[in-house]
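These are my notebook entries on the structure shown below. I record what I looked up, topic by topic.

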Amino acid sequence: MPPIVDTLRLTAEEALALVERREVSPAELHAAYLEAIGTRNGELHAYLRTVETVEGASIPIALKDVISTKGVETTAGSKILEGYVPVFDATVAARCKAAGLTLLGKTNTDEFAMGSSTENSAWGPSRNPWDPALVPGGSGGGTAAAVSAGLAPWGLGSDTGGSIKQPSALCGNVGLRPTYGTVSRYGVVAFASSLDQVGPVAKTVRDVALLYSIIAGRDPHDSTTVELPEPVRLPDAERLDGLRIAVPRQIALLDAIEPGVRAAFERALELARELGAEVGECDLPVSYRYGMPCYYLIAPAEASSNLARYDGVRYGPRTEAETYHEMVERTRDEGFGAEPKRRIMLGTYALSAGYYDAFYGQAQKVRTLLIREHREALANVDVIATPTSPTVAFPIGDKAADPLAMYACDLLTIPSCLAGLPGLSIPCGLSEALPVGLQLLGPQFGENTVFRVGHALEQAIGFDTVPERLRAGSAPWGQTSEETP
Amino acid sequence: MTWEPVIGLEIHVQLKTRTKMFCRCPVGFGAGENTQTCPVCLGFPGALPVVNRAAVEWTILLGLALGCEIPGQAVFSRKNYFYPDLPKGYQISQYDLPFCMNGSMLLPTAECDRVIGIFRAHLEEDAAKTVHVGGRTGRIGGADVSLVDYNRGGTPLVEIVTAPDIRSADEAKRFLQLLRQTIVELGISDAEMEKGTLRVDANVSVRPEGSDELRTRTEIKNMNSFNFIARGIEAEVERQIRVWESGGEVRQETYDFDAASGTLTARRAKEEADDYRYFPEPDLVPVEPPAELVERLRSELPELPATRIRRIEAELDLERATVLVTGGLDRLWEETVGSGADAVTAANVIANTVVGAGVDPGVVSPRELARLVEGRDRIPRAAFDEAIGKLGEPGFSADSYLAQEAVSDTAELEPIVDAILAANPGQVAAYRNGKEGLLGFFVGQVMKETQGQANARVVSELVRSKLSG
């Protein structure tokens with residue numbers, strides 16, 4: 001019997017239509033994805049665990065393992081949360097449930113979402129569906145690999161400095177980091193509270209917009225959330241007439257951007273012009289000069305405090321010792337991997353008496369400048385465009401020993417995260433046979449605009465989101481394999 | 001050399017809001033261990049705080065009662081340290097932008113109104129309760145097991161920090177009594193030291209009188225009554241004076257006061273100063289109390305205890321006025337006087353007899369009390385005492401007690417007085433040598449002999465005339 005659906009090609013919107021027309025039941029759909037997971041997760045390690053029971057009346061979803069799921073172990077990729085089973089759903093998980101979505105499983109992540117490759121997961125790295133020798137990006141590499149390899153129609157990630165956008169770029173998905181404050185963080189294992197945002201990953205901009213509309217909006221459990229000023233609009237326009245797109249002047253001077261990435265980016269801009277958009281320049285000097293150091297003071301500072309609760313007293317594994325303080329020290333020493341330890345130390349230092357003003361305090365001032373700079377840049381244009389990642393996917397192990405090289409992966413995603421602005425990554429072509437991501441940044445609450453631009457470009461680019469090596473036997477929906485270009 | 005104590009207080013007040021500071025768990029005592037908890041107050045991964053609006057309003061109300069400025073923006077900050085009673089590894093508190101700043105409280109004294117500065121009053125969450133089982137110290141270091149009850153964790157807590165304006169242990173005690181009464185009257189806390197809803201730490205130093213230097217201070221903790229606070233401060237002041245006078249140097253240390261022995265024990269000195277790595281709480285947005293709210297709260301402030309002491313003092317004296325006000329008795333006193341009772345007699349009866357009889361002053365009828373106060377000299381003492389004891393009963397009437405008549409007939413009382421005087425020659429001699437305070441002793445003996453039926457005033461006059469004769 002042929003598979004009931006081709007999970008590699010099926011978009012969430014198509015899956016929803018199948019369920020609505022009762023052509024496929026939620027349980028059949030769930031089973032189809034579990035079967036795909038059974039086939040390919042061994043190689044990709046996208047999921048840490050899967051869920052068999054189907055409770056929702058709609059389609060399945062994958063959730064990054066930093067999102068608390070009632071009754072389902074949630075480890076944030078860390079040994080220190082091994083065996084921790086939340087007694088409550090994160091608000092985003094609850095909203096998915098309320099929309100009828102069924103949890104397929106929890107996807108791999110760098111430990112506490114700290115990383116750009118998933119190599120920092122205590123449970124081992126995920127692999128890129130385009131080439132399993134390569135990383136899928138991170139920290140949300142699990143969700144990105146799952147969506148890319150047809151192991152989920154869509155999923156949720158969390159983004160602090162690029163953890164949704166960068167893996168989406170490296171795996172050829174669409175990913176949205178929403179405006180800070182539009183999606184609840186309640187129940188999401190915290191990395192850096194002033195930066196963390198949950199967002200959707202899917203195969204199309206419309207799917208991403210749809211999932212965003214399900215999770216967004218004020219949550220009384222999260223004081224930093226607000227109601228959306230306007231409802232989410234599913235984009236359908238194919239032209240970009242009258243839209244103004246700006247490219248930061250500083251991009252041209254960044255050596256870190258690979259030529260192939262730059263070429264794909266330029267082609268996307270050319271397409272935007274052909275669709276009627278006006279492509280110009282803007283200026284973000286502070287962002288590219290000080291964004292990284294600013295981020296690596298603020299994020300670790302908040303992390304050092306957020307990770308203090310993992311003390312072995314109330315949940316998670318405990319390493320017994322003679323005294324309380326020894327117990328805490330040994331539990332944390334054994335429970336945390338190298339990257340959280342590194343960031344706890346960086347952050348503790350940045351907040352210490354005598355250093356606060358020079359480091360954390362100074363970084364907050366830079367952040368204010370950066371926010372202002374983005375506001376000014378966006379005053380006269382609709383979106384800012386850059387490549388999402390300076391490189392395509394890189395080999396596992398390539399940067400694992402060099403934290404600074406790893407941190408540089410987020411060079412282009414970090415500034416807008418600090419500014420709290422929405423950013424969408426869409427695939428815009430291949431370089432060295434690997435996906436390249438285009439990052440579209442909008443003003444605060446400008447999701448509808450980035451969706452519109454992203455959708456029009458997506459149609460014009462016509463990127464095939466199915467990894468080349470998986471295409472055999474998988475036809476574009478409604479077509480035969482012979483017709484696949 | 002004369003030494004002057006310099007004392008500042010840090011006062012923690014648990015607010016009696018319905019729910020906790022940052023979650024919806026109920027606040028209160030008596031529930032089973034760890035039953036009033038949720039993911040937020042247990043610090044589960046991903047749980048987030050939401051500010052309790054009532055706690056914010058009450059903090060501002062208290063700040064206004066203490067004459068504080070209410071800045072336009074207040075910020076919660078994280079105070080980072082590890083302890084099992086602190087589930088998140090940090091306490092959400094306030095640092096550089098508290099709700100209330102730069103206030104003062106007046107402490108009426110015979111000479112003047114002493115102004116005790118209030119540096120700040122800020123809002124934070126209380127820690128959980130730890131019990132250290134086994135070991136000798138009762139502290140975490142020596143314990144076999146430490147148990148944590150998170151019910152208390154997350155209770156709204158206001159910390160009030162005074163300026164080092166207090167100059168004696170007694171003044172500290174009087175300040176605290178007045179502050180406590182202010183808090184209780186605002187209805188925001190029971191402020192009971194025994195229950196831990198009011199906790200006080202004292203910072204103490206001494207300096208040569210007349211100097212304005214600030215010498216090294218020490219901190220005293222674990223004093224759980226106003227009297228112990230006074231004794232603890234007294235002991236520490238004496239200790240510091242001894243250290244300085246013997247050529248030593250006071251070191252910055254923290255002491256625990258042991259009420260049983262009246263001694264101070266230094267805690268193990270820390271190698272370096274605490275670094276709590278305060279930074280603004282990113283899970284909360286700054287709170288900007290609207291001016292209308294502040295003005296509404298200001299208009300709701302009752303007449304403050306210190307003001308009332310000054311007002312009542314005019315009719316009584318400072319001592320009696322203070323006792324009435326800090327005992328929450330002044331309203332009953334005013335109404336009793338308003339119903340025709342003599343001011344001083346009413347004050348004495350309320351502060352001594354009514355309180356001594358354990359009667360709740362809130363349920364007493366001032367009119368009936370006034371009748372009793374006025375009739376006190378005419379009725380038997382036993383009848384008066386019995387009436388006071390029943391003042392709190394619903395529908396109490398003084399009629400039946402006032403109908404009784406005390407024995408005022410000197411002919412009847414004289415033999416009894418003579419007998420008492422004859423039986424106590426020593427006291428008689430002492431009285432005649434100037435110990436006039438013994439008058440009460442003789443009156444008491446006569447009252448005992450007559451089983452409370454004698455008119456105390458008549459007896460008193462009789463005794464006096466006999467002894468001066």
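What is the handedness of the crossing of α12(B) and α14(B)? I looked it up and noted that the crossing is right-handed; a crossing counts as left-handed if the near helix is turned anticlockwise from the far one by less than a right angle, and as right-handed if clockwise.

Conventions. I worked on a predicted model, in which local features need pLDDT of at least 70 and side-chain atom pairs count only at pLDDT 80 or more, while totals for chains, interfaces and linings use all residues. Residues are numbered from 1 along each chain as its sequence is written, and chains are lettered from A and ligands numbered from 1 in the order in which they are written.

Entry on α12(B) and α14(B). I found helix α12 (residues 410–423) of chain B packed against helix α14 (residues 439–449) of chain B at about 125 degrees, the axes being 10 Å apart. Axes are lines fitted to C-alpha atoms, for helices over the stretch in contact, and angles run from 0 to 180 degrees between N-to-C directions. The angle makes α12(B) oblique to α14(B) (under 35 degrees is roughly parallel, over 145 roughly antiparallel, 65 to 115 roughly perpendicular, the rest oblique). Helices (H or I, at least four residues) and strands (E, at least two) are DSSP runs, numbered from the N terminus.

I then listed the residues that meet: B:Ile416, B:Val417 and B:Ile420 from α12(B), and B:Phe442, B:Gln445, B:Val446 and B:Glu449 from α14(B). Contact requires C-beta atoms, placed from the backbone, within 7 Å. By class I noted 5 nonpolar, 1 polar and 1 charged residues (Ala, Val, Leu, Ile, Met, Phe, Trp, Tyr, Cys and Pro are nonpolar, Asp, Glu, Lys and Arg charged, and the others, Gly among them, polar).

Entry on α7(B) and α8(B). The axes of α7 (residues 330–338) and α8 (residues 343–356) of chain B come within 9 Å and cross at roughly 140 degrees. I recorded this crossing as right-handed. The contact includes B:Trp333 of α7(B) and B:Ile350 of α8(B); by class it has 7 nonpolar, 1 polar and no charged residues.

Entry on the sheet. In chain B I traced an open antiparallel sheet of 3 strands, ordered β3-β2-β13; strands pair if DSSP finds at least two bridges between them. The edge strands are β3 (90–94) and β13 (279–280) of chain B. I noted B:Ser77 opposite B:Pro280 in β13(B).

How values were computed. Two residues are in contact if their C-beta atoms, placed from the backbone, lie within 7 Å.
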